[in-house]
Amino acid sequence: MKSRIVFGVSLIFLFLGCTNPTTPEFDIKDGLMSVEAFVSIFQGSSYAKIYRLNEFNVGVNSYVNVFESNAEVTFINIDTNETISLEEDEVNERYLPPFDFVAAEGDTWQLNVKLEDGTEYISTPETMAELVGISDAKAVYESELEYVASKDKFAPGHTIFVDINDPPEKGNFYYWSYRTFEKKEICEMCFEAMNFRDGKCTLYTDPQRVDIPPYFTYYCESDCWQIRYDTRVNIFADDFVNGNSLQLPVATLLLYKKNKILVELQQYSISPAAYKYFAVLKDIVDDNNGLNAPPPAPLFGNIINPNDDQEVVLGRFTAAAGSEKRLLIERSAIKEDALEISPVPRKESSPIPEDQRVYVAPCGSESRYLTYIEPEGWN
């Protein structure tokens, strides 16, 4: 029988995709390219992000990481020659495959990028390793889970634990992430005398109107769930616990709201090369206060410029198979205060005529961040 080992180790958190202005602290060449991409077997979890790092912006008088828009980005299945084109998500500064795209265990994929100026980047092919399943998962509540600097206090929340049976073969590497589903009640807010009309907030002009409230809220006209994605990643190697049953803390979920939340936890089996890359990235985050500072040149992944072998390209393309668990957490009975305060509902009223008032707004288009389809495990 395998022994059970319970780990209380610190999580390895990686903050990805920072674009705020920063003053560089490393003596590196300006304008290095960073390409980060991920292909997974889960719908909505694959993406690519492309940035020009450490460029001086005259407008803010500082150095910034600039998102490369208008690029041609594709995932290529080496085994079948299938090509998946990614569309630009300008608001969230990333490229996304079709919403229903999923890869499969054992697939071998490659990333191809062509920038607007014609510069090309390709990754080495990466095969999805055989996955290791999650045996069980649970959420444990703590009244003081994590210190939040913006609130100057310890905030409550849940730690997510997983149980896994590590295979007897050496060299298993794990990577965890999650996304959450929260049901929305209010689908639109309009401020400064604006009202929701024809799909947007527009100015309501009434010369007799003097008592103007600060905002109006509009309830969702149908079921609607907001989807949030983890911005931190936890990795683990089985070097010293090979072949054991393990219980690991893999995520933290702060109490931003008290309504019910569904956690879709994803566990990936990654390659040794991917683990080494993320381990180096972890050191950078720990030593330099996050990825807002430009990474040093040694952070090489598996992406090159095929037409210029002298160009330094940072970042990595990772393809990973995985398993999934869903946890439905009821939070209404929690006594501690949530971090976010929900707005007080405020309906349109006089002097707007009753037959012209609007009280609801649509959920929005089905996307990576919103769904009107009830997620599996909600009830």
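**View 1. The disulfide between C224 and C363.** In this predicted model, C224 and C363 are joined by a disulfide, with 2.0 Å from S to S. The torsion about the S-S bond is 65 degrees, and the link is right-handed. Follow the chain and you will find C224 in the loop between strand 17 and strand 18 (225-229), while C363 sits in the loop between strand 25 (360-361) and strand 26 (370-371); the two are 139 residues apart. C224 is buried, at 0% relative accessible area, and C363 is buried too, at 8%.

**View 2. The disulfide between C187 and C220.** Here the sulfur atoms of C187 and C220 lie 2.0 Å apart. This link is right-handed, with 95 degrees about the S-S bond. C187 belongs to strand 14 (residues 186-191) and C220 to strand 17 (residues 215-220), so the pair ties together parts 33 residues apart in sequence. Both cysteines are buried.

**View 3. The disulfide between C190 and C201.** Look again at strand 14, where C190 is found; its partner C201 is in strand 16 (residues 200-203), 11 residues apart. C190 is buried at 1% relative accessibility, whereas C201 is partly exposed at 25%.

**View 4. F38 and its surroundings.** F38 lies in strand 2 (residues 33-40) and is buried, at 3% relative accessible area. Beyond its neighbours within four places in sequence, F38 has contacts that include Y47, F75, Y175 and Y268. The C-alpha atoms of F38 and R316 are separated by 8.3 Å, though the residues are 278 apart along the chain.

Key. Residues are numbered from 1 along each chain as its sequence is written. This is a predicted model: local features need pLDDT of at least 70, side-chain atom pairs count only at pLDDT 80 or more; totals for chains, interfaces and linings use all residues. Side-chain values use heavy atoms; hydrogens and water are left out. Helices (H or I, at least four residues) and strands (E, at least two) are DSSP runs, numbered from the N terminus. Buried means under 20% relative accessible area, exposed over 50%, partly exposed in between (1.4 Å probe, protein chains only). Contact means heavy atoms within 4.5 Å. A disulfide is a pair of cysteine sulfur atoms within 2.5 Å.
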